[in-house]
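The sequence and the model come first, and the notes follow by topic.

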Amino acid sequence: MRFSLRKTENIWVLGAFLCAVGLLSALLLGAVNEVTKKPIAAAKERALAKNLKLLVPDFDTVTKGDRKLALANGSEAEIYYAKKAGKLVAVIAKAATKQGYAGKIEMLVALTPQGEVLQVMVTEQKETPGLGADVCTRKFVKTIHNFTEPTPEGLPPNALLDQYAGKSADGNDWRVSKDGGNFDFKTGATVTSRALTALVGDVVTSFAASRKTLLEGF
């Protein structure tokens with residue numbers, strides 16, 4: 001005698017099977033997340049430490065601040081304090097904008113305690129390769145003249161990122177020149193250039209407005 005389920009019973013069996021598969025998948029994803037959470041966090045900490053050393057080469061210790069920097073774009077930037085021989089030498093803001101051509105861009109902006117930009121570095125972006133990505137990426141370019149030379153140490157150059165160094169909130173229009181501001185942009189990647197310039201300017205001007213509070217105790 002052949003055993004078979006009625007159509008309504010088949011639906012219930014199928015539903016139960018799908019629920020079991022979904023539950024098992026959720027449990028597996030949760031387990032994988034728990035296993036990988038600490039290694040991923042440790043890797044991010046190592047990457048941050050490496051990037052901070054490139055931005056501010058000469059410091060002894062760096063600590064994460066309790067306060068965050070409120071930005072005009074509605075987000076908050078994490079703040080890190082770099083010291084040498086007990087003296088504050090730099091303040092680094094970890095900031096982000098959603099105004100990139102492909103969405104979110106994350107950046108580290110290193111400032112002097114007085115609010116002048118030391119250097120900036122894009123740490124996360126999904127901009128178009130060859131266009132917006134070139135605005136964000138720091139790298140040493142090998143040419144026929146330096147092909148046999150070892151890759152230099154330190155922060156790789158990027159003219160569009162390096163132009164922010166030495167600038168402060170005073171006397172600067174934090175827009176690209178196409179919009180009447182003080183900063184260069186890459187043709188074909190204007191949106192990316194605008195987003196980076198606006199973010200650096202946001203960090204600089206927000207820091208200037210909150211500097212006394214952020215540096216309290218230093």
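The model is predicted: local features need pLDDT of at least 70 and side-chain atom pairs count only at pLDDT 80 or more, while totals for chains, interfaces and linings use all residues. Residues are numbered from 1 along each chain as its sequence is written, and side-chain values use heavy atoms, with hydrogens and water left out.

- The structure holds zero disulfides, a disulfide being a pair of cysteine sulfur atoms within 2.5 Å.

**Sheet layout**
- Five strands form an open sheet in the order β1-β2-β3-β4-β5, with antiparallel pairing.
- β1 (61-70) and β5 are the edge strands, each pairing on one side only.
- On average, neighbouring strands of this sheet are turned by 25° against each other, direction ignored; axes are lines fitted to C-alpha atoms, and angles run from 0 to 180 degrees between N-to-C directions.
- Strands are DSSP runs of E with at least two residues, and helices are runs of H or I with at least four, numbered from the N terminus.
- Two strands pair if DSSP finds at least two bridges between them.

**Strand pairs**
- Seven bridges link β1 to strand β2 (residues 76-84) in the antiparallel sense; Val62 has Ala82 in β2 as its bridge partner.
- Strand β3 (residues 87-100) runs antiparallel to β4, with eight bridges joining them; Gly100 is bridged to Gly103 in β4.
- The hairpin from β3 to β4 passes through two residues.
- β4 pairs with strand β5 (residues 117-124) over six antiparallel bridges, and Glu106 has Glu124 in β5 as its bridge partner.
- Five residues lie between β4 and β5 in their hairpin, where Gly115 in the turn has a positive phi of about 100°.

**Burial of β4**
- Strand β4 (residues 103-111) is largely enclosed by the rest of the structure, because seven of its nine residues are buried.

**Surface patch**
- Leu14, Phe17, Leu18 and Val21 make a nonpolar surface patch of about 390 Å².
- Patch residues have over 30% relative accessible area and no salt bridge, and nonpolar side chains (Val, Leu, Ile, Met, Phe, Trp, Tyr) are joined within 5 Å, like charges within 9 Å.
- A salt bridge is a side-chain nitrogen of Lys or Arg within 4 Å of a carboxyl oxygen of Asp or Glu.
- Accessible areas come from the Shrake-Rupley method with a 1.4 Å probe.
- Val21 is placed in helix α1 (residues 7-55) and counts as partly exposed because its relative accessibility is 37%.

Technical notes. Buried < 20%, exposed > 50% of the residue type's maximum accessible area, 1.4 Å probe, protein only.
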